[in-house]
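I opened the notebook to record what I look up in this structure.

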Amino acid sequence: MSSSKPLCPCCFKAFSSTILEENGAATDTIENSPLFDFSSVCGTCSPSEVERALAEKAKTDTTVPPIVWLLTPLEIQETAARVLEETKKNLDEIAAVKLTEVTFENTVFKLMTPPNYKTNPQVAACKFMQHCSTDPEIREAASKAGSDFAKSRVLGRMRKDVYDRVKAYSLTDDCKNLDPYNQHFVKSSLQDFERAGLALSEEDGKKLQRLLEQDTAVCDEYNKNLSNDDSKFLFTEAQLKGCSADFIKDRLGKDEEGMCTITLKYPDIIPIGQTCEVAETRRAVAEAREGPNAYKNNLELVVRGITLRKHIATLLGFQSWAEFICTKRMSGSYRAVDDFLRNLQTELEESGKKDYETLLKLKEDHCKILCVDFDGKLNAWDAGFYGNRLLITEYGVDAEKIKEYFPLDHVVDTTLDIYQELLGLIFEELPKGTYWGWHKDVRCFKVKDKESGTPIGFFYLDLHPRHGKYGHAAIFHLVKRTASHGAVDCMLCNLPASTPDKPSLLRHQNVITFFHEFGHIMHAICTEGIGNSTRLAKCPKDFVEAPSQMLENWVWQKQVLERLAKHYQTKESLSDETLESMIRAKHVNVAFSSLRQIYLSRLDLEIHGPKPPTSVEEIQALVDKLRKSISLVENPPGWSMLRTFGHLMKQYSASYYGYMWAEVLSADMFATRFEKEGVMNPKVGMDYRKIILAPGGTHDLNDHLTTFLGRPPNNDAFLKSRGILK
């Protein structure tokens with residue numbers, strides 16, 4: 001890697017104001033960059049030198065995130081190789097300790113922050129760009145680095161010589177005299193090794209390693225099929241009847257005169273699914289995502305993935321992959337999750353059927369208006385449209401009109417203000433051109449504790465869709481906090497971008513998504529204590545959504561909506577009548593939509609259960625059965641949500657139920673403290689930060705909840721919010 005050099009002021013200014021703002025990536029020379037402002041430079045430095053200086057700024061400057069970014073595939077390859085070498089060396093050093101000389105420091109502590117974990121900023125520099133780089137070669141190199149790190153973690157957990165040292169230390173008097181906090185890490189380390197199969201024979205251990213590596217490769221291929229998809233579909237204006245004039249204008253004539261270009265990105269598919277009156281158009285777009293030709297061989301990859309995971313679980317002595325996963329969650333077992341979903345389905349079924357009939361009647365009436373035949377059922381491509389129509393006709397909530405009150409910049413600024421007030425924090429945005437970004441849209445913020453002024457972390461925002469970028473909304477924990485630096489997080493979303501005529505305008509659902517995802521950033525940055533600097537204290541996935549889901553309630557409070565809403569032209573807030581209509585409509589169809597979540601959770605649990613499907617035909621039959629019996633909507637022939645259900649082909653396998661599990665906990669936290677004591681009450685906000693967020697994954701989460709609530713958690717608030725309990 002070349003080293004940075006001092007930059008002349010005029011070249012730096014020109015680069016930061018022109019290249020970063022307009023292009024997001026430097027070329028090798030000034031002459032090769034048509035966007036570079038020749039009049040403002042002296043020619044001493046090339047754009048590539050300035051970009052290099054920004055990318056390496058963290059070497060000497062703590063005002064930027066502590067990541068030295070890598071700019072070429074070769075740099076990624078070489079740095080990843082060094083990280084892997086350092087990881088092996090770390091393990092070798094532990095293995096070299098005599099069994100009679102083991103201590104916490106020379107065994108467990110060295111396993112808490114290995115070189116291939118997120119406490120090392122080089123890990124993020126190597127692998128994160130697979131999700132957002134504009135350069136396909138960078139994405140490919142970063143993806144390979146991520147896979148190599150995953151393989152190294154598998155290998156590390158199968159080092160019997162290292163396990164023997166941890167086991168030996170766990171039997172010492174020194175270990176028995178540790179405080180409960182540090183004993184947690186000894187126990188977690190042992191479990192980490194034992195769940196990796198160190199009790200297996202050498203032959204089975206090698207077999208397990210191969211299976212884990214194969215599963216990683218299958219998941220990588222599946223997710224590449226999603227992120228690299230560049231499908232485009234052409235529709236006439238008539239075929240998009242019902243969509244807003246701006247929606248049509250922004251897409252008209254892009255690829256063919258008189259035709260609108262539609263992709264499978266969220267800013268395209270959501271408006272079509274909710275507002276397009278032409279059922280055939282809605283069906284065609286939905287089929288492109290779930291139908292037999294969607295996303296290459298993804299359904300076959302799901303079958304391979306669940307088969308591999310079943311073999312892994314069997315080798316490790318578990319009946320199923322779901323049981324293997326759930327034993328490390330709050331739920332504790334497959335059976336507990338199975339009971340939770342069944343009980344919840346039973347509670348919601350009656351209300352869900354009423355919601356279905358309401359939408360079906362709405363469809364029947366609409367078909368009469370359109371003079372088209374009514375088929376007597378709610379199809380997979382109908383639910384979103386008639387749910388939105390119900391909001392408009394019965395509650396006066398028109399998502400297309402309301403989004404005029406949610407310009408992105410105002411929503412972002414106000415959301416950040418609310419979080420600062422609530423949690424006692426200060427966010428300072430870094431000026432463009434003072435940090436390296438992978439795209440011109442990327443923004444970067446420093447986070448400080450308000451009372452002490454102490455810096456505690458950074459976060460990036462990258463909010464608009466583009467080819468090759470991660471296709472959903474998610475938070476990436478780039479760097480975990482350590483004694484030397486705070487946490488660094490990044491939000492990747494696919495919110496609509498501004499046009500020459502209008503700023504980016506968000507549907508209220510987009511506002512909820514942004515508020516939710518930002519809650520994950522706060523969870524990561526507000527963690528405290530050395531325990532949260534280790535891979536041995538990860539927050540269970542059936543709790544990790546609870547803090548963010550709880551914070552979604554803010555965007556349904558009148559006093560918060562009055563702040564978030566500001567018409568992009570008149571600057572007025574929403575009228576009291578509209579605000580009240582929105583709030584009344586919050587739980588419209590909530591039982592029906594909850595049944596869909598239960599369907600997805602049950603599908604996840606079944607394919608990772610004791611008897612998973614073993615072929616595409618079997619998995620298709622399961623989808624057909626569960627979708628109708630739980631969500632009440634018939635599955636179209638050959639369609640499968642599993643083709644695009646990326647959660648199950650990465651870290652959320654056998655864990656999707658966690659969204660519903662966490663929703664029960666989040667409803668309890670909001671109703672018990674914030675609803676009673678004030679949604680913007682800074683004391684409750686600080687209690688939430690210190691009791692719920694700060695501990696991260698350490699100690700017993702039920703204890704944290706009990707402390708915050710003043711009693712053990714229950715599901716009463718959740719059921720009341722669904723109208724099941726009065």
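How far does helix α13 (residues 279–290) reach from its first C-alpha to its last? I note before answering that the model is predicted. I looked up the span of α13 and found 16 Å for its 12 residues. That is close to the 16 Å expected at 1.5 Å a residue.

Next entry: burial in α13. I list Thr281, Arg282, Val285, Ala288, Arg289 and Glu290 as its buried residues. Buried here means under 20% relative accessible area.

Next entry: the protein as a whole. I count 29 helices and seven strands. The C-alpha trace spans about 85 × 70 × 50 Å along the principal axes.

I asked myself which radius of gyration a compact globule with 726 residues would have.

Next entry: inside and surface. I see that 56% of the 726 residues count as buried. The protein exposes about 30,900 Å², and carbon and sulfur atoms supply 51% of that area.

Residues 24 or more positions apart account for 72% of them.

Last entry: charge. I write down 92 positive and 102 negative side chains. The centres of the two sets lie 3 Å apart.

Terms used: Residues are numbered from 1 along each chain as its sequence is written. This is a predicted model: local features need pLDDT of at least 70, side-chain atom pairs count only at pLDDT 80 or more; totals for chains, interfaces and linings use all residues. Side-chain values use heavy atoms; hydrogens and water are left out. Helices (H or I, at least four residues) and strands (E, at least two) are DSSP runs, numbered from the N terminus. The radius of gyration is taken over C-alpha atoms; the globule rule is 2.2 Å times the number of residues to the power 0.38. Buried means under 20% relative accessible area, exposed over 50%, partly exposed in between (1.4 Å probe, protein chains only). Contact means heavy atoms within 4.5 Å. Accessible areas come from the Shrake-Rupley method with a 1.4 Å probe; for residues, only the protein chains shown count as cover. Lys and Arg count as positive and Asp and Glu as negative; His and the chain ends are not counted. The place of a charge is taken as NZ of Lys, CZ of Arg, CG of Asp or CD of Glu. The expected span of a helix is 1.5 Å times one less than its number of residues.
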